Amino acid sequence: MKRRRFIIILILILVPTISFAGVKMKIGDETEIDLGFRLQTQFISWDNKGGTTGDSEQLFNVRRARLRLGGKVTKWMNFFLQTEKGGGADGSGYDMRLIDAFVTLNLHPLAHIYMGENMAPAGRQHTTSSGALMAIDRPGITNYNLTWGLNGRFGFNNASLTDGNLALSNDESVRDNGATLFGSSSVAEMFHFKYYFGVYDGIQASGEDKERYTARLQVNLFDAEPGYYNSSTYLGKKRTVGLGVSYDTQDDIATDAVQGATGYTWYSVDVFADLPLGPGAATLEAAYSDLDLDDATQLNDGTGSQNALETQGNGWYAQAGYYFESLKLQPWVGYEKWESDAADGTGGWDGWKAGLTYFFDGHNANIKAGYESVKTEQPIGGSNEDTINSFIVGFYITY
């Protein structure tokens, strides 16, 4: 109760200084803090969730519920803390867990060091804010990465597919402990770049102690995307074309029944464009990614043995939208495909989605609705079903 009371009092003190970024308070000449939140609620209707005939479900879902506290202590150092909802310990509500906790050392525009628990820059979607997504959520193939557990996701990234789900992740689940060197600059008025290089704890097979290394380079024409995080649509506020390449690797993440300790390598190439067009702006994003698990077969993650070839593979996604500025509407569509290395294609799938977003206040407040259909190469989990259809309506607020 004391902690809740403190948060309420702090909000009341800071409310008069609300800005686009959240609630800000200046403490000294160089010191300021920023208090904000993110809340995304959804109604979901899907069928064949478990891969059996007639297995349908309708539910209300809190997709993200976050409180953040960040700020600048001096011009040399910033900090950032962010919580996320967890499962309810006693069934009466949600617990909160810390998902971001890092300090930034600002040495130079080309040299910022982020140290602590943070998002590893393993691809464009990994460096895209969850408060500025276009197609309700991230593409499901984004999760074939060590950050999100090496699995495919359906229902607008709300649930994991049964086949090819290794469920390998570190203690932080959607973040990693480590340090990232980040910098951005402009070579010319219309040519910009930024880079990331990070070293993290990652995840190790029993008895191993290897580090995870991640690198990303992104270039932009016309307008820059200078920050650590991007948006997946800028709603006509930018004119930019971006190209990115990412690489993510770690040795000995798990133990294979045949070859012992198995390594992990993931790379991605992505393209992005957000351009004024007619009465609004058009957005296009596409990426190709490849996952290599050293051709492991029966991979033991500590909880059981899985056929890693049903996860290992490659895939791509593409999504596009058009923002009608006068109507504050953005229809969007997307397609994604993953091809596993399993001999019979188990673990492979493709899916398409389409939807519409109405913006009350840009990414600060909007409503999204969308339909998605996912079809697997083989029947799901040994059932007689290979298709999952999902419909979602979501209310999204970020300040």
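A residue is called buried when its relative accessible area is under 20%, exposed when that area is over 50%, and partly exposed in between, using a 1.4 Å probe and protein chains only. By this rule Asp248 is buried, with a relative accessible area of 0%.

The structure is a predicted model, in which local features need pLDDT of at least 70 and side-chain atom pairs count only at pLDDT 80 or more, while totals for chains, interfaces and linings use all residues. Residues are numbered from 1 along each chain as its sequence is written, and side-chain values use heavy atoms, with hydrogens and water left out.

**The chain as a whole**

The chain contains 1 helix and 22 strands. Both kinds of element are DSSP runs numbered from the N terminus, a helix being H or I over at least four residues and a strand being E over at least two. Of the 399 residues in the chain, 49% are buried. The accessible surface of the chain comes to about 17,900 Å², and carbon and sulfur atoms hold 60% of that surface. These areas come from the Shrake-Rupley method with a 1.4 Å probe; for residues, only the protein chains shown count as cover.

A contact means heavy atoms within 4.5 Å. Among contacts between residues at least 6 apart in sequence, 57% join residues at least 24 apart.

Two strands pair if DSSP finds at least two bridges between them. Strand S12 (residues 212-222) runs antiparallel to strand S11 (residues 191-200), and 10 bridges join these two. One of the bridge pairs is Tyr195 with Leu217 in S12. Strand S12 is also joined to strand S13 (residues 240-256), again antiparallel, by 11 bridges. Here Val219 stands opposite Leu243 in S13.

**Salt bridges**

A salt bridge is a side-chain nitrogen of Lys or Arg within 4 Å of a carboxyl oxygen of Asp or Glu. The whole structure has 13 salt bridges.

| Asp248 | Arg212 | 2.7 Å |

Where in the chain do Asp248 and Arg212 lie? Asp248 is in strand S13 and Arg212 in strand S12, 36 residues apart, and the pair links distant parts of the chain. Arg212 counts as buried at 0% relative accessibility.

Asp270 in strand S14 (residues 260-277) and Arg216 in strand S12 are 54 residues apart. Both Asp270 and Arg216 are buried.

Glu336 is buried at 3% relative accessibility, and Lys353 is buried at 5%.

Elsewhere, Arg63, Arg64 and Asp137 are linked in a network of salt bridges.

**Nonpolar cores**

A nonpolar core is a set of buried Ala, Val, Leu, Ile, Met, Phe, Trp, Tyr and Cys residues joined through side-chain atoms within 4.5 Å. The largest such core has 36 residues, and those with the most contacts inside it are Leu150, Leu168, Ile253, Tyr264, Leu291 and Leu293. Elements that give two or more residues to this core include strand S3 (32-46), S13, S14 and strand S15 (280-292). Strand S22 gives the most to this core, with 3 residues. Another core, of 5 residues, lies apart from the largest one, and among its members are Phe102, Phe182, Tyr196 and Tyr228.
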